[in-house]
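Have the model open in your viewer and let's walk through it together.

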Amino acid sequence: DWLAWFLATLHRAVDTAQLTLDTVLLKARFWNRWAAPGSPPLNERQVKLVSRLLDGFEGKLTNRKWAAIARCSPDTALRDITDLLARGVLRKSAAGGRSTSYELNDAAA
């Protein structure tokens, strides 16, 4: 019984470590891609919000939430978002109009 418990616990620990490692590697690949020579750097607000998205942002990221989190005007938030959309970092979610929200583009990670 003890050996079965030990092996099950070890298996869970390895699985958890693998999930952590996958997350770290995903972030490292993302930041390496966008810090590549020749690509313009992201500004502080963009880095802050993209980091939040990579960490598993709860809910939908809207222009209003971006402005509140980055402590900037809605116009500045929209410029940041538009820049990231053009670079392919973000994409618009399926809902449009007043419900427009943004998420990380699968190809960006």
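The largest pocket has a volume of about 180 Å³. Here a pocket is an open set of points on a 1 Å grid over the protein atoms alone, where a 1.4 Å probe fits, with protein on both sides within 12 Å along at least five of seven lines. Points are joined across faces, edges and corners, and the volume is the space filled by probe spheres set on them. Its lining, meaning residues with an atom within 4 Å of a point, consists of Thr62, Asn63, Arg64, Gly97, Arg98, Thr100 and Tyr102. Sorted by class, that is one nonpolar, four polar and two charged residues; Ala, Val, Leu, Ile, Met, Phe, Trp, Tyr, Cys and Pro count as nonpolar, Asp, Glu, Lys and Arg as charged, and the others, Gly among them, as polar.

A word on provenance: this is a predicted model, where local features need pLDDT of at least 70 and side-chain atom pairs count only at pLDDT 80 or more, while totals for chains, interfaces and linings use all residues. Residues are numbered from 1 along each chain as its sequence is written, and side-chain values use heavy atoms, with hydrogens and water left out.

Now for the packing. The largest nonpolar core has 20 residues, and those with the most contacts inside it are Phe30, Val50, Trp66, Leu84, Val89, Leu90 and Leu104. Such a core is a set of buried Ala, Val, Leu, Ile, Met, Phe, Trp, Tyr and Cys residues joined through side-chain atoms within 4.5 Å, with buried meaning under 20% relative accessible area, exposed over 50% and partly exposed in between (1.4 Å probe, protein chains only). H1, H2, H3, H4 and strand S2 (102-104) each give two or more residues to this core; helices (H or I, at least four residues) and strands (E, at least two) are DSSP runs, numbered from the N terminus.

Zoom in on helix H3 (residues 63-70), where Trp66, Ala67, Ile69 and Ala70 are buried. Their cover includes helix H2 (44-54), helix H4 (74-87) and strand S1 (90-92). Just after H3, Arg71 takes a positive phi of about 55°, although Arg71 is not a glycine. Most residues other than glycine have a negative phi. Arg71 sits in the loop between H3 and H4 and is exposed, at 77% relative accessible area.

How many aromatic pairs are there? The count comes to two. The rings of Trp2 and Phe6 have centres 5.3 Å apart and planes at 10°, so this pair is stacked. Trp2 and Phe6 are four residues apart in helix H1 (residues 2-34), so about one helical turn separates them. Trp2 is exposed at 59%, whereas Phe6 is partly exposed at 36%. Phe30 and Trp31 make an edge-to-face pair, 4.8 Å centre to centre with 85° between the planes. The rule pairs rings of Phe, Tyr and Trp (its six-membered ring) if their centres lie within 6.5 Å; planes under 30 degrees apart are stacked, over 60 edge-to-face and the rest tilted. Phe30 is buried at 0%, while Trp31 is partly exposed at 26%.

Finally, look at the loop between H1 and H2, where Leu42 lies. Leu42 counts as buried at 15% relative accessibility. Neighbours within four places in sequence aside, Leu42 is in contact (heavy atoms within 4.5 Å) with Trp31, Val47, Leu84 and Arg87. Pro37 is also found in the loop between H1 and H2, but counts as exposed at 84%.
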